[in-house]
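Biologist: Could you walk me through this model slowly? I would like to learn what the words for its parts rest on.

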Amino acid sequence: MTMKLIYFAWVRERIGLSDETVDLPAEVKTVADLLNWLKGRGENYSAALERPDVIRVAINQEHADHSTRLPDHAEIALFPPMTGG
């Protein structure tokens with residue numbers, strides 16, 4: 001499964017990329033699986049995703065929770081929690 005990943009804010013800064021296209025292994029089926037797989041891709045990913053529970057995700061520009069199944073050929077955005085005032 002091929003996915004376009006887009007990283008925002010401190011997730012982007014820690015990973016060192018604004019976006020990339022990846023081929024996911026067959027066992028990566030949900031958002032949670034994706035975050036766990038990304039953590040194993042190196043120190044920068046591990047640092048960015050050390051607390052995957054706080055990472056927010058959008059699939060094809062719609063918010064998704066971590067149990068959401070990944071569709072094929074999607075655009076997935078990862079970003080930290082937002083604060084505002």
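**A loop threonine and an aromatic pair**

Modeller: Gladly! Let's begin with T30, which lies in the loop between strand 2 (19-23) and helix 2 (31-39). Helices (H or I, at least four residues) and strands (E, at least two) are DSSP runs, numbered from the N terminus. This is a predicted model, where local features need pLDDT of at least 70 and side-chain atom pairs count only at pLDDT 80 or more, while totals for chains, interfaces and linings use all residues. Residues are numbered from 1 along each chain as its sequence is written, and side-chain values use heavy atoms, with hydrogens and water left out.

Biologist: Why is T30 called buried?

Modeller: Buried means under 20% relative accessible area, exposed over 50%, and partly exposed in between (1.4 Å probe, protein chains only). T30 has a relative accessible area of 16%, so T30 is buried.

Biologist: Which residues does T30 touch, not counting residues up to four places away in sequence?

Modeller: They are H66, S67, T68, R69 and L70. Contact here means heavy atoms within 4.5 Å.

Biologist: What makes F8 and F79 an edge-to-face pair?

Modeller: The structure holds one aromatic pair, and F8 and F79 form it, at 6.4 Å centre to centre with 80° between the planes. Rings of Phe, Tyr and Trp (its six-membered ring) pair if their centres lie within 6.5 Å; planes under 30 degrees apart count as stacked, over 60 as edge-to-face and the rest as tilted.

Biologist: Why is F8 called partly exposed, and what is F79 called?

Modeller: F8 has a relative accessible area of 37%, so F8 falls in the range for partly exposed. F79, at 9%, counts as buried.

Biologist: What makes strand 5 largely enclosed by the rest of the structure?

Modeller: Four of the five residues of strand 5 are buried, so the strand is largely enclosed.

Biologist: How do you know that strand 1 and strand 5 pair?

Modeller: Two strands pair if DSSP finds at least two bridges between them. Strand 1 and strand 5 have four bridges, in the parallel sense, and one of the bridges has I6 with A77 as its partner in strand 5. Strand 3 (residues 56-59) is also joined to strand 5 by four bridges, but these two run antiparallel. There, V57 has L78 as its bridge partner.
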